[in-house]
Amino acid sequence: MTYLFQILNGIGLGMLYFLLAVGLSIIFGLLQFVNFAHGAFYMLGAYLAYTMVERGVSFWLALPLAFLAVGALAALTEAVLLRRIYAQAHTFHILATVGLALAVQEIVIIVWGPIGANLAPPDSLSGVVILGDFIYPEYRLFVIALTALLAGGLWWLLEGTRLGAIVRAGSESPETMALLGYDTRRINTAVFGLGAGLAGLAGALAAPIRGVDPFMSVEALSVAFVVVVVGGMGSYAGALAAGLAVGIAQSLMATLWPEGARLMIYLGMAAVIVTMPRGLFGRA
Amino acid sequence: MTAASKAVASAIEPPVEPALAADGLGVRYGSFVALKDITLRVRPNSVHAIIGPNGAGKTTLFHALTGRVRAASGRITLGGRDITRTRDDDRVRLGLARSFQVTSLFATLSVRENLRLAAQGRTPWAALAPWRAVSERDAAFAVVDALLARLDLAGVAGRPAGELSHGQQRRLEVGMAMAARPRVILLDEPTSGMGTDDIGAMTDLIRDLGRDHTVLFIEHNMGIVMNISDTVTVMRAGQVLVEGRPAAVRDDPEVRRAYLGNMITGDLR
Amino acid sequence: MTRLLERPIVHFGLAAATVLVLPLVLRSGTLASEILIYGLAAAACNLLLGYTGLLSFGQGIFFGLGSYAAGLILLRAGWPAPAMLPAVALVGAATATAVGWLSIRRQGVYFVMLTLAFSQLFYFLAYTLGDLTGGDNGLLNVPRPALGGKPLSDPWAYYAFVAALFLGLFAALQRVALSTFGRTLLAIRDNEARASAIGFPVRTFKVAAFAISGAVTALAGALHAMLIGVAPLSNIEYHTSETLLIMTIIGGAGNLFASVLGAAFYLVAGDLLSAIWPRWLLLLGVLLVAVALFMQRGLWGLVERAAALVAREPPPEPASADATLPEESRP
């Protein structure tokens, strides 16, 4: 029973990791841009949800608002700042977004203080589900259900819509997209906003589980990197499989060897890199 | 020796061990078959041209011969030695060097340093010494200076390779392959993008190389191919269509029908 | 004037001048020592970034490991500092060989992500092995080296010890950069595919560059642990990797002294600003964005421009301003 409990926990955690990583992945796929501020957008989503709920806004409203606010902020950053450095070497993409993440972290400390806080799940989900002798928190079940819906919606968005086709065509060849008459700049901004918004939403959903603190961004960024390295960048299925694998592994380890749970994620990643350098679903 | 008289000579002599050979060579990119069952014999000290329409797999063949892409099937031998599984950098040590269709130099390094590195590539492990400075008396520099003169690059020896004119970069590109003192040298469209004057010099250089090296080159300019090649291989859709002496290839009805049409205009000297 | 700024001997002269000037302008011997220590680690980072084209987000691994190894060897094994230092260098080189070998299995941004993930791996490893590392508290009471039986407890006495090692290792790194090995690294940085096509086993060279960088970074970490008397968990954290990388890029990736300049700027600015405003990292974040937009050649690029102004020459083109080319291969 403990294992079932931990596996469910792991699925919830893994789906959050998936949301985080898929955002990073589509931004990179379209823009060839590594966003080291991705963890900062995750943190902002968590803090925004926290503040809204503290101020009496319903959690149900706070979730979409966190997604929209972070997405809009990211889109603005892209339009004003980041698009100016696409042409440069990766080093400067990384430097600029590392700087951005640093600035966001300090702003969070200025606004909310250096100490973290906890956020209670909404009242309607604060209970537990009891099935025989199995007890499980409702909120975590909700996270699994919602993220599953979102994953389905995202899959449809990327595989079944015109936007998705444009994004995929753009990852293959930006020139073609420009030739076909698409406004690449607006699509870039929209996709950047969408990717960052997903990170913000993941942060908002994670807040009632793990709380908020000014250093959650680094952890989120490196977990997203692990998921992307293991799953293969640009692969939706890879992000899903690797996200779930990392989440479940971390949850199971939390009962077997609590101090080493995080360590095991990274050791697991190293093992994948040794055996499958391109990742589980990696393309060349 | 003209191409024709050489071909006659080789018909009389017993068959020689090819300098480079491929047997049943196949290459795949995922499910796409890029090369299928290629058999190729490159005779020592000959100039051997590969022609064919775009997408015929000519550059892929070079990638496979030099070890940049892995052969899915078949066998590659260099001077009789099986190199099918040998890594690309190890093949250089065995005497196989190449130039690229798209100029590929060390753009911020000087022309002289580009050639020195290429010469050093023959003994790369000696370069793994983090304490050893590069000596002006290094044997590599003798090769480098001779090449600079031969390629007419002595005047720009100190300039970064990225700042050279197109023609100069193309010559350096070929020089990089020569610097390793290979027995077999593979040139991928050495004249691409060149003006008429530069093309003449490059043609002379390739013909000249054929005297002391074995040259395999990809070329679209039929004049050059017909003038300086001993053997021509025509490729199409990842396979060898025809192979033979330039005159024979030029007159081959299948080649004419399938690909060349009336394109062959080079004069046979 | 600008030509002069490309000569390695001038860079070494600048490093030596830094060693002499710091005691004159700084009141804190600890800060002065820190500048040299981080300058050394940033220069080692630059061997990968500027010379090999590898942006390593894992330099904190070797720095932190160097701190721990120094503490453990001094405290548990009881070795004296002169025996400890080579052992630490060896630990750094060995770890960097492993991390480098694994990370270069992927290229480009994947490589960067892998180095960052490995830095997290080693952080959690240090955290998990609390018996060895002291966990959150760090490894306490790391002693300073002794000279004639007396430990170098005076900050400026220890500074002299750091300075001697700094100059020696800086010269060694310069030697590496100018060697046939270093010149091959530049070729790999410029065009990896061609370097491989002309016969160089590129991966071996990259791993070797990692090993050298790791050894020097670990030595810097050891010096740092002896400076502050602790091998703290923070030395192996993400932030140490980030800081070393920022110092390197702010300084400029073109030559090794630029990294010392970057470290000095970072630490002095941090020292001044953090006294006024604890959230000074916000300004740093903004500065990094500005560097990415307007100042890609870093502080060293500014030095070159200033020198060109003084000499009334046009500033050097990025492609030709490679400070590591020896004289004979320049126009």
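Modeller: Two strands pair if DSSP finds at least two bridges between them. Keep that cut-off in hand. Keep in mind, too, that this is a predicted model.

Biologist: How do you know that strand β1 (residues 20–29) of chain B pairs with strand β4 (residues 73–78) of chain B?

Modeller: Count the bridges. Five of them join β1(B) to β4(B). Pairing needs at least two, so β1(B) and β4(B) count as a pair. The two strands run antiparallel. For one facing position, look at A21(B), which stands opposite T77(B) in β4(B).

Biologist: Which open sheet has antiparallel pairing?

Modeller: The sheet of four strands in chain B, ordered β2-β1-β4-β5.

Biologist: What makes β2 (32–42) and β5 (81–82) of chain B edge strands?

Modeller: Each of them pairs on one side only.

Biologist: Which open sheet of chain B has mixed pairing?

Modeller: The one of six strands, with the order β6-β7-β8-β3-β9-β10. Its edge strands are β6 (96–98) and β10 (239–244) of chain B. On average, neighbouring strands in this sheet are turned by 20° against each other, direction ignored.

Biologist: How do you know that β6(B) is joined to strand β7 (residues 184–188) of chain B?

Modeller: Three bridges join them. The cut-off is at least two, so β6(B) and β7(B) pair. These strands run parallel. Here A97(B) stands opposite I185(B) in β7(B).

Biologist: Which helix of chain B lies across β3 (47–51), β6, β7, β8 (214–218) and β9 (231–236)?

Modeller: Helix α2 (residues 58–66) of chain B does, running at about 150° to β7(B). Helix α7 (residues 196–212) of chain B also packs on the sheet, where it touches β3, β7 and β8 of chain B. The direction of α7(B) makes about 145° with that of β8(B).

Biologist: Now two helices. What is the crossing of α5(B) and α6(B) called, left-handed or right-handed?

Modeller: Right-handed. The axes of α5 (residues 139–150) and α6 (residues 166–179) of chain B come within 11 Å and cross at roughly 145°. On the α5(B) side, the contact is made by V143(B), V144(B) and L147(B). On the α6(B) side, G175(B), M178(B) and A179(B) take part.

Biologist: What makes one residue of the contact of α5(B) with α6(B) polar?

Modeller: The contact has five nonpolar residues, one polar and no charged.

Biologist: Move to chain C. How do you know that helix α8 (residues 180–190) of chain C is mostly covered?

Modeller: Eleven of its eleven residues are buried.

Biologist: How many residues does the contact take from chain C and from chain B?

Modeller: It takes 33 residues from chain C and 37 residues from chain B. On the side of chain C that touches chain B, α8(C) gives the largest share, eight residues. That side has 16 nonpolar, ten polar and seven charged residues.

Biologist: How many residues does the contact take from chain A and from chain C?

Modeller: It takes 38 residues from chain A and 32 residues from chain C. On the chain A side, α4(A) brings the largest share, 15 residues. By class, that side has 28 nonpolar, six polar and four charged residues.

Biologist: Why does the radius of gyration of chain A agree with a compact globule?

Modeller: Compare two values. A compact globule of 284 residues would have a radius of gyration near 19 Å, and chain A has 19 Å, so the two agree. Its C-alpha atoms fill a box of roughly 60 × 45 × 35 Å along the principal axes.

Biologist: What share of the residues in chain A is buried?

Modeller: Buried residues make up 51% of the 284.

Biologist: And what makes up the secondary structure of chain A?

Modeller: Eleven helices and two strands. Along the sequence, the pattern is α-α-α-α-β-β-α-α-α-α-α-α-α.

Terms used:
Residues numbered from 1 in each chain as written. Chains lettered and ligands numbered in written order. Predicted model: local features only at pLDDT ≥ 70, side-chain atom pairs only at ≥ 80, totals over all residues. Contact = placed C-beta atoms within 7 Å. Nonpolar A, V, L, I, M, F, W, Y, C, P; charged D, E, K, R; others polar. Buried ≥ 20, exposed ≤ 12 C-beta atoms within 10 Å, placed from the backbone. Rg over C-alpha atoms; globule rule 2.2 N^0.38 Å. Axes fitted to C-alpha atoms, helices over the stretch in contact; angles between N-to-C directions. Left-handed = near helix turned anticlockwise from the far one by under 90°.
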